[in-house]
Amino acid sequence: MDQPRPDLETEHSLAPATRAVTAGREPAGPDSPVTTPVVLTSTYTASDGAAAPGDRGYGRWDNPTWAALESAMGELEGGRGVAFASGMACVAAVLSLVPVGGVVVVPRAPYSGTAQLAAELAAAGRLAVREVPIADTDAVVAALDGADVAMLETPTNPLLEVADLPAIAAAARAAGTLLAVDNTFATPLLQRPLAVGADLVGHSATKYLGGHSDVLLGVAGAADEALEARLRSHRTLHGAIPGPWEAWLVLRGLRTLHLRVERAGANAAELARRLAGHPAVERVRHPALPEDPGHERAAAQMSGFGAIVGVEVRGGPDAAERVCSAARLWVHATSLGGVESTLARRRRWATEAPTIPEGLIRLSVGIEHIDDLADDLLGALRQ
Ligand SMILES: *Cc1c(COP(=O)(O)O)cnc(C)c1O
């Protein structure tokens, strides 16, 4: 006998940590697989007669492994999930919603790929870009006037600025601006933008959702069916589809997301405390620190502070590079959100915004033991 899926009311009573484990599974039947299989197929056998809505049809249109991941992410975000080939494919899909000649609002220092794509579209005359300091709510609200889409990020990568999401969502609604939030740093366990009124949410699942630095993938979430359909159509027609194996890896990653986010967040907060006041450190950025400009807002709208820490090292870019090379346990690499701790000086890459300090090292704190992480990093700082 098939067990019916728990009804919505039961699902609403589940804690996010439980949902991360239960969401996106097939109804159980005798001998049914407990985990979702990787379905490798380019096409599906046709049903008799005319195609019915919901027919998978062809491999670029739909796939059961994507569907399981999308269902899980939709449940976690409180919306409708759409999986993409990468986080940037999500960003591109969101920017495609800006009409030709329209206006998009972006943070002054967003993820560098978002900034580059918006600038490229602006240079081609496709749209106009308004850059805002996202922690300045009045400035963001003013920029929403006459804008078609706001593509925000909070906390931002890598400055960890925090936007007032409920206030901005209300203002976006009043202005008729679609609000999209890149939720990569927070994950749906720490922040659910759709629940406070955003229209769209996006993730680089390459980071925390996958969580093991072994896959590139993106997942968007839409608040309603019409927006979901536009994202799906963009994905299908641009071919921005994930591989089934990649979707499976991210679904597998989701199952331990709460454990990883919890441990990495605790490590990050402790490390930020140990680094603040260190003689080789000019400034530590992490919203868990009471003195951080984003602390109060993050405490009000997030259920944790995340595991990214910004450290500005005294002695400028050269000193920062030396710290990155001297670390042994910490992996010197870009990207973030894996089980292993990584660090990199952001301005090492020419694509990074000039507003980011030259000596800023972004730490992606992993799930190792805090004392090992601290010993290694403090040792590197002494060099
Ligand atoms: C990495 C990242 C992206 C881009 O994601 P990819 O999976 O690398 O395409 C977008 N936004 C943020 C905040 C990121 O950290």
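This is a predicted model: local features need pLDDT of at least 70, side-chain atom pairs count only at pLDDT 80 or more; totals for chains, interfaces and linings use all residues.
Biologist: What links strand β2 (residues 102-107) to β4?

Modeller: There are 2 bridges between β2 and β4, in the parallel sense. The rule asks for at least two, so this pair qualifies. Valine 104 has valine 149 of β4 as its bridge partner.

Biologist: Why is strand β4 (residues 149-153) called largely enclosed?

Modeller: Because 5 of the 5 residues of β4 are buried. Val149, Met151 and Glu153 point one way, Ala150 and Leu152 point the other way, and all are buried. In a regular strand, side chains alternate between the two faces of the sheet.

Biologist: What makes cysteine 90 buried?

Modeller: Cysteine 90 has a relative accessible area of 3%. The cut-off is under 20%, so cysteine 90 is buried. Cysteine 324, at 1% relative accessibility, is buried by that rule too.

Biologist: How many disulfides are there?

Modeller: The count comes to 0. To be counted, a pair of cysteine sulfur atoms must lie within 2.5 Å.

Biologist: Where is glutamate 77, and why is no salt bridge assigned to this residue?

Modeller: Glutamate 77 is in helix α3 (residues 64-77). Glutamate 77 is buried, and the nearest side chain of opposite charge, arginine 192, is 5.3 Å away. A salt bridge needs the charged atoms within 4 Å, so glutamate 77 has none. Glutamate 77 does touch Arg192, and its contacts beyond four places in sequence also include Asn183, Pro188, Leu194 and His203.

Biologist: Which strands are the edges of the open sheet of 5 strands, and what is the strand order?

Modeller: The order is β8-β9-β12-β11-β10, with mixed pairing. The edge strands are β8 (281-285) and β10 (331-332), because each pairs on one side only.

Biologist: How do you know that β10 pairs with strand β11 (residues 342-345)?

Modeller: 2 bridges join β10 to β11, and they run parallel. At least two are required, so the pair stands. Valine 331 is opposite threonine 342 in β11.

Biologist: Which strands does helix α13 (residues 316-326) touch?

Modeller: Helix α13 packs on the sheet and touches β9 (308-313), β10, β11 and β12 (360-364). The direction of α13 makes about 160 degrees with that of β11.

Notes:
Residues are numbered from 1 along each chain as its sequence is written. Side-chain values use heavy atoms; hydrogens and water are left out. Helices (H or I, at least four residues) and strands (E, at least two) are DSSP runs, numbered from the N terminus. Buried means under 20% relative accessible area, exposed over 50%, partly exposed in between (1.4 Å probe, protein chains only). Lys and Arg count as positive and Asp and Glu as negative; His and the chain ends are not counted. Contact means heavy atoms within 4.5 Å. Axes are lines fitted to C-alpha atoms, for helices over the stretch in contact, and angles run from 0 to 180 degrees between N-to-C directions.
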